[in-house]
Amino acid sequence: MKPEDNKVMRLQDAVEKYVTDGCHLSIGGFTLNRNPMAAVYEIIRQKIKDLHVYAHSNGQGVDELIGGGCVSRLEIAYGGTGKFMSTCIRFKKAVQEQTIIVEDYSNFQMTLRFLAGAMGIAFLPTRSSLGTDIINKWGFPKAFRKQHDRIPNQKLVVMDNPFDGWCDTKKVVLVPAITPDVTIIHVQMADFRGNCRIEGLTFADVEQAKAAKRLVITCEELLDDDYLKTDPDRNQIPFIHADAVVKVPFGAYPTACFKYYDYDATYMKAYARAAKNDDAYQQYLAAYIFDCPTHTHLLDKVGRRRVESILADRNRGYAKHLDRK
Amino acid sequence: MDYTLKELMTICAAREIKNNDIVFCGTGISMLAAMAAKNINAPDSVIFFETGAIDSRLEDIPLAVADPRIMYHTSANGGLMEAFCTMQNPLSGTRIVGILGAAQIDLYGNLNSTVIGEYDAPDVRFSGSGGACDVASFVSRSIIFMKMEKRKFKKKLDYLTSPGFLDGPGGREKAGLPPGGPDKVITDMGVMGFDEHTRKMFLIGCFPGITPDQILDNMEFEIRTDRAVEIAVPTQTELTLLREKCDPHGLIL
């Protein structure tokens with residue numbers, strides 16, 4: 001490996017360099033799984049403002065970015081984490097109080113939008129959402145779109161199938177490509193150059209990674225040059241897309257990371273409780289984010305016992321005996 | 001026999017699932033219904049998640065569709081692109097049964113899971129579509145869980161997130177959607193279906209101790225009740241399998 005191929009950085013430096021005020025950001029993972037939480041906490045700690053966030057169904061990460069006051073605009077399909085927050089609480093509050101502007105799509109549409117970005121094509125078609133308010137109601141009005149050259153002129157476009165009914169299809173919805181300034185994902189393994197291996201479901205991480213101008217990878221294990229190339233069928237993202245690689249064990253905590261650890265039900269329940277009350281939420285931000293200079297400090301605060309309780313059973317990929325009540 | 005309403009609702013939904021159905025499930029009771037079908041009446045049904053897992057073993061109940069429990073012992077672990085393509089493609093999509101929930105439903109089975117009030121200044125914001133609009137757009141039939149309340153069974157939805165029959169017969173076709181649409185609505189008081197000609201919701205049956213009038217009292221719109229029959233209560237076998245095999249720690253029930 002040539003020294004210039006080495007993309008390994010400290011998390012503080014990667015966030016400072018690539019996540020700037022007003023930038024367009026997308027984060028990987030899904031609801032309570034493999035959200036790049038260490039990076040999310042670092043963004044909050046660095047008090048980065050006015051982010052334009054793209055997500056399909058990022059629950060915990062997006063809610064904490066909103067709660068941390070980092071987000072102005074959000075294009076999203078779903079804000080929730082399942083049983084712990086059926087609707088993300090800070091997200092809900094911010095929308096109701098109109099402190100953020102939201103544009104709604106479906107999960108497939110957001111995935112197609114990332115894929116279009118990754119493909120270098122302006123839009124992709126689908127049949128999803130025809131006849132619904134996802135088409136009729138726009139969070140970003142036309143005039144607003146006109147003022148922002150980073151936002152396409154239309155939310156989406158319905159058009160007749162130009163192939164005259166081919167594939168029994170009369171109409172399609174075109175959804176515009178997303179090209180974030182930066183995508184941040186958390187993966188199980190990466191090497192010094194940024195080759196990535198994701199275990200379990202990839203969600204839309206690969207599309208999000210390839211659509212972005214810059215890609216920041218946090219990983220459980222940082223491997224030597226060429227280690228991942230000995231078993232390449234298991235790798236999803238080649239190094240050519242990567243800009244920064246950061247080793248952060250438990251970097252998805254409190255969300256899960258398949259084969260490494262489960263979600264921390266205790267943390268997520270406590271988070272949901274705090275999120276319902278502004279004072280309690282300020283205390284949460286102070287205690288778990290601002291008073292913790294790094295993710296390791298947060299894990300120390302949570303304590304070894306809790307962290308050990310979520311360690312995955314290697315055969316199953318999750319903590320079989322975790323108390324999730 | 002003693003059973004809770006949640007158990008009754010779960011079993012009613014599970015009975016709608018047949019062997020070889022591919023079952024799309026969301027979070028909570030919908031996930032439990034899919035597990036119940038697999039353990040009780042449709043062992044060859046296939047559980048399927050929008051996050052990209054198919055035929056998960058589900059030794060332990062997942063608490064979200066991205067729970068690592070769904071990634072264990074699957075036929076293939078993919079991503080959202082694979083899952084939604086499977087639904088949009090009529091070759092596989094027509095074999096899928098969707099199980100959905102929502103904040104509001106109307107006469108034609110359209111669903112709202114986005115906002116109450118104005119979209120740009122909502123009184124209440126919900127999670128949003130997620131994959132629900134995609135499922136409702138693509139698959140051949142869906143089962144919907146709803147709580148019987150006037151504010152949930154609405155004459156007009158505040159926001160139409162997921163398409164049912166839209167404005168009635170021919171509505172889906174006119175909009176450009178594939179055929180399909182809602183099949184059953186399972187509530188805490190009874191079960192509804194949709195008339196094949198008018199596409200309007202009608203009462204299939206009430207749960208024990210509930211009258212059609214009680215159901216109508218909890219809806220903003222009127223539905224026909226003249227075809228209503230009594231819903232069979234859960235059997236001991238169904239209850240035992242549900243409690244012991246599907247949710248032994250009572251995480252959903």
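Visitor: Where is A:Pro254 in the chain?
Guide: A:Pro254 sits in a loop of chain A, the one between strand E11 (244-247) and helix H9 (265-275). Keep in mind that this is a predicted model.

Visitor: And the peptide bond from A:Tyr253 to A:Pro254, cis or trans?
Guide: That bond is cis, and its omega is near 10 degrees.

Visitor: Where does A:Asp50 lie?
Guide: In a loop of chain A again: A:Asp50 falls between H2 and strand E2 (51-54).

Visitor: Speaking of H2(A), at what angle does that helix pack with H3(A)?
Guide: Helix H2 (residues 37-45) of chain A packs with H3(A) at about 5 degrees, and the two axes are 9 Å apart. An angle under 35 degrees counts as roughly parallel, and that makes H2(A) roughly parallel to H3(A).

Visitor: Which residues make that contact between H2(A) and H3(A)?
Guide: H2(A) puts in A:Met37, A:Val40, A:Ile43 and A:Ile44, while H3(A) brings A:Gln60, A:Gly61, A:Glu64 and A:Leu65. By class, this contact has five nonpolar, two polar and one charged residues.

Visitor: And H3(A) against H4(A), at what angle do those axes cross?
Guide: Helix H3 (residues 60-67) and helix H4 (residues 89-96) of chain A cross at roughly 50 degrees, with axes that come within 7 Å. H3(A) and H4(A) are therefore oblique to each other.

Visitor: Is the crossing of H3(A) and H4(A) left-handed or right-handed?
Guide: Left-handed, as H3(A) passes H4(A). On the H3(A) side the contact uses A:Val62, A:Asp63, A:Ile66 and A:Gly67, and on the H4(A) side A:Ile89, A:Arg90, A:Phe91 and A:Ala94.

Visitor: How do the residues of that contact divide by class?
Guide: Where H3(A) meets H4(A), there are five nonpolar, one polar and two charged residues.

Visitor: Switching to strands. What's the order in the three-stranded sheet of chain A?
Guide: The order is E5-E7-E6 in chain A, in an open sheet with antiparallel pairing. Strand E5 (123-126) and strand E6 (157-160) of chain A are the edge strands, each pairing on one side only. From one strand to the next the twist averages 35 degrees.

Visitor: How many bridges join E5(A) to E7(A)?
Guide: Four bridges link E5(A) to strand E7 (residues 171-176) of chain A, and these strands run antiparallel. A:Thr126 is opposite A:Val173 in E7(A), and A:Leu124 has A:Val175 as its bridge partner in E7(A).

Visitor: And over how many bridges do E6(A) and E7(A) pair?
Guide: E6(A) and E7(A) also pair over four bridges, in the antiparallel sense. There, A:Val158 has A:Val173 as its bridge partner in E7(A).

Visitor: Zooming out, what domains does chain A get?
Guide: The domain assignment gives domain 1 (1-122 + 177-325) and domain 2 (130-176) of chain A. Taken over C-alpha atoms, the centres of domain 1 and domain 2 of chain A are separated by 29 Å.

Visitor: How many residues of domain 1 of chain A are in contact with domain 2?
Guide: 12 residues of domain 1 of chain A are in contact with eight residues of domain 2 of chain A. On the domain 1 side, strand E4 (101-104) and H5 of chain A each supply at least two residues. E4(A) gives the most to that side, with four residues. By class, the domain 1 side has six nonpolar, three polar and three charged residues.

Visitor: Last one, chain B. How many residues of chain B are in contact with chain A?
Guide: 51 residues of chain B are in contact with 55 residues of chain A. On the chain B side, helix H3 (80-88), strand E9 (122-125), helix H5 (132-138) and helix H6 (171-175) each supply at least two residues.

Visitor: And how do the residues on that side of chain B divide?
Guide: The side of chain B that touches chain A has 25 nonpolar, 20 polar and six charged residues.

Note on methods:
Residues numbered from 1 in each chain as written. Chains lettered and ligands numbered in written order. Predicted model: local features only at pLDDT ≥ 70, side-chain atom pairs only at ≥ 80, totals over all residues. Axes fitted to C-alpha atoms, helices over the stretch in contact; angles between N-to-C directions. Parallel < 35°, antiparallel > 145°, perpendicular 65-115°, else oblique. Left-handed = near helix turned anticlockwise from the far one by under 90°. Contact = placed C-beta atoms within 7 Å. Nonpolar A, V, L, I, M, F, W, Y, C, P; charged D, E, K, R; others polar. Pairing = 2+ DSSP bridges. Domains from an automatic or database assignment.
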